[in-house]
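Dear colleague,

Please find the structure below, together with its sequence. My notes on selected features follow it.

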Amino acid sequence: MNKARILFLVLIICLACRISTAQTIASYDVQLMEDFGDQNTVNVKAVFPAGIGRELHLSNNNRDWEEYEEQIIIKKAYDSQGKDIRVEKTDQDTWGVNSDSGFTIEYSAHTAIPFALNLESYPTYLAYVSKDCGLVHTGRILLAPQGEGNIKVNFALPESWKIMVDETWKKTGENSFETSLRDLYALIALGKIDVYSESFGDNQKLNVGVCGKTKYDKSKYLPGLKTCADYFHENVGKLPQKELNVFITELPLPGDYMGEPFRITINRADRSWGMFEGMIWHYWFLRPAYYKNDEEGGKVWWFGEALSPFILYPIYKKLDVVPEIEKEQWEPFTFPDLSWKNWQMIFEPSIGTKYDIALVDYYRMNQETGDRGYYHPVPYIKGDLVLEMLDESMTEVTHGKKDIKDVTKYIYENYALKGIGYTIEDVLNAFNTVSGNDYSDFFKAYIFGNERFPILKEGNDYRFDWSVLGDKTYASVPNKEKARPLVGLLSRDSKETVNLELKKESKHFAVYFHPQDSEEAALMLLGAERAYNSVAKVYGGEPKLKIKMFMTYDKNEATEGFGYNPPGGLTEDSSGGGPSSDIGDELMWLKTISKKETWILSSMGIPHELGHVYMRQLYPGIYFTGAKSLSEVPELVKKGMYNEYWLSWFSEGLATYAALECWLDNVNEKDMENLETNVVINRDAFKQLIESAKTKNPPLVELSKLNDINKDDMKSVYLSEAETMSFFSYIYQRYGKEGMHKLLSEYDKGVTVYQAAENAFGTSFAELEKDWKSLIEKTATNNNIVDKELERIRKEGFDTSKVMQVKKQEPFLALFMAYTIEKYTTPCPPPIEVSEQTSGFPWLILIILIIIIAVLVLITRKVIKSLSKKDNKTTIPPDKKVRSHKILKTFLIFLLVFVILIIIGIPLLIAIILSGIILGLIILIRKVIRFLFKKKNLR
């Protein structure tokens, strides 16, 4: 048995040895001529061992190869015995060999392969070798056998020439390599190359070879391309290979090479930085994709091209070459506003013409017509606009957590790295998966279809119309669950049922609507999602139930079907609504924000009403006595256990303030400039507040009496609105969001709001109100110098960024907020100007003070000793001696205290005053102690 095992092991070893020795199936000697001239040829000697198939092939993996009859010229062929053999060309890229043994073929190969799609007047090539530099496709000069195994290639180069090859080619000598037949078809760069190397990513190697005349200093390419590679590594995904080779030269090439099967990046040396990084992007993201046919890949080709501005602009900023890119690129091809700068000039004129086609039709139409007029407007400009919309939409639906770069990384990891060609359907799936949203309607409209883009013109600028874009962002589906609004917690009969046929749904909300109101429903959903986090911040938590929103433009339907009686005076451009269910998971809405206004947060309405829903869900005890959770509410309502301490001014005021915070979180400078002055803050209300604070006519209303104001008296109504907003601003600025949450939690326990405030803040509500009113009066007095006061407060080191936003809407409220911050916030240290910087603690001053103290101590001691020695001889009266001792000791104590205070950072004037006070206390304590000791001694 043991002998059998040994024999079997020997056979395995022998077989392994035979396999290993049989792996080399071809070896090539490639000789490049010293002077290529017009011939542009190389001489090749190819040796094939016995057992090799009788057919030899050239690579034909590129559709741009043009038939070139004289590319391979056989000079001679002979077998292992030196006997001539016959080599016949069987088709364009195949040669048949008449030999049953090992054989050798010597031939010349033409390296100047013409570019089949050359549209220029001068000749261009897919490969070329000049007197200084060369680019050779080994797949077009090396006759290769079929099968698998290793090959060896030895290059004989002109003097001083270097060579760069694919990393899969293992170096065995100075210019000798070994690789597998599978990796034979590579792109070889050669010539008088200067090679620069650096690491990138996960200790991967970047080699940059530069040959011939270049636009920049040669050493500049390395740091720029390293920055690019590091950025792609972090933001797109890890390049699987160990090395990335980049070759830059000036050759008559039609374009830039960087796809499989070669890994060397080729570009022309006269290009700007915008092209180098663009080609790396192509190589990194697009090269691994394989498709069943050209049409499948053609439908999605635009995606990789249109992505480039999103990916490359951050790199240009890192390289500090943005101005150069803008100058070099075709006008007005300017980053990062590629879409808007090019829209009117390049794509808009195409609308209604033959060039206005769907993105997925670009490849087919371009192939059929050969019309390069399709080239720029469709895949680049139109494609980028589509991705701009998707990026903005994703940012909205994910609250800024995801954007188009996350989709890029998803596709790279799930398709590109696995060598899978992604289809346009795969791109849709990627957007849906990453965002958690359904973009089927969007793709149907703007990618598969040719629907007009929702772009509005504002002066010389453009923006997306969210009433349309939102409708594609949130897909409409049938209201299959027949959801309908409730009226309180009571059941409804069929006559009261309102049939809202459609639904749009997001992560936190669902809106139900009629088909004709689809765009408005999208705005409703968008506004709610935009407000979601801001309102949650104010109320201290997220709702426990998904919030349903029901909307109609029909007043009668709102009254009868929603149980909501809208206020009078609503116009086409206004909206109204409110929570109608006691449990707080529904909103009724009569009219959404107007179709004319696409930035829905310019209205107080949605975040205000959401505030009521949040408070009902998070703090049900404020509304219903004893409610600890939402599940208890129905039973409590049936028993009529509404909280007697619930105050409408508190609920309405906080909701109004939540809308203000929401606006501050979401507004930007452009939006602020376009908003009407009274959209967010009622200026009439604050004018009344200022007048009341100054003239007491009418006087400020006590907060406890706000529920009882006369609703028909507009002055009282305005005063109530301004008071409540300013009061909650005061609470928020003084105690922060944590303090606000503490107040709500205490109020939720079923106590009065006044007791809740005392429990939360440790001070009486009366004291809070008194302090709040004093700040109101201070603000009203200084309201005519708002800018000066805000600048002073800012210089003191307080953060006034949000205050400055409010100032554009209501200066009074901004100054009031700033006064509250100034009074109750410890300021940050003001920024130190360069000229004011110090080396730290003033040690020099400390040393001088210590020396002064030491000198004074010595002088004091000498004076005391001198006086002591002269006690019996001097004529100085005894009382003057004692007084001198006391004065010196007192001064010394004062000085010591003063130095200690200065060391711990007390300002000079305050240190002098405190030193005097402390000295007085010391003297007083000493006298008390002496008095007590004297009294004790007397006893």
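Helices α5 and α10 are oblique to each other. In this predicted model, the axes of α5 (residues 301–319) and α10 (residues 404–414) cross at roughly 120° and come within 11 Å. The crossing of α5 and α10 is left-handed. On the α5 side, the residues in contact are Phe 303, Leu 307, Phe 310, Ile 311 and Pro 314; they meet Ile 404, Lys 405, Thr 408 and Ile 411 of α10. In general, an α-helix has 3.6 residues a turn, so residues three or four places apart point the same way.

The loop between α9 (376–397) and α10 contains His 399. The phi of His 399 is positive, near 55°, although the residue is not a glycine. With a relative accessibility of 23%, His 399 counts as partly exposed.

A second residue of this kind is Ser 160, a non-glycine residue with a positive phi near 75°. Ser 160 belongs to the loop between β12 (150–156) and β13 (162–164). Its relative accessible area is 53%, so Ser 160 is classed as exposed. As background, most residues other than glycine have a negative phi, and most peptide bonds are trans.

The peptide bond from Asn 697 to Pro 698 is cis, with omega near -15°. Pro 698 is located in the loop that joins α20 (683–695) to α21 (714–747).

I would also draw your attention to helix α14, which comprises 22 residues, 518–539. From its first C-alpha to its last, α14 reaches 30 Å, close to the 32 Å expected at 1.5 Å a residue. Most of α14 is covered, with 19 of its 22 residues buried. Gly 540 follows the helix and has a positive phi, near 85°.

Between the C-alpha atoms of Glu 520 and Met 551 the distance is 9.1 Å, while the two residues are 31 apart in sequence.

With kind regards

Conventions. Residues are numbered from 1 along each chain as its sequence is written. This is a predicted model: local features need pLDDT of at least 70, side-chain atom pairs count only at pLDDT 80 or more; totals for chains, interfaces and linings use all residues. Side-chain values use heavy atoms; hydrogens and water are left out. Helices (H or I, at least four residues) and strands (E, at least two) are DSSP runs, numbered from the N terminus. The expected span of a helix is 1.5 Å times one less than its number of residues. Buried means under 20% relative accessible area, exposed over 50%, partly exposed in between (1.4 Å probe, protein chains only). Axes are lines fitted to C-alpha atoms, for helices over the stretch in contact, and angles run from 0 to 180 degrees between N-to-C directions. Angles under 35 degrees count as roughly parallel, over 145 as roughly antiparallel, 65 to 115 as roughly perpendicular and the rest as oblique. A crossing is left-handed if the near helix is turned anticlockwise from the far one by less than a right angle, and right-handed if clockwise. Contact means heavy atoms within 4.5 Å.
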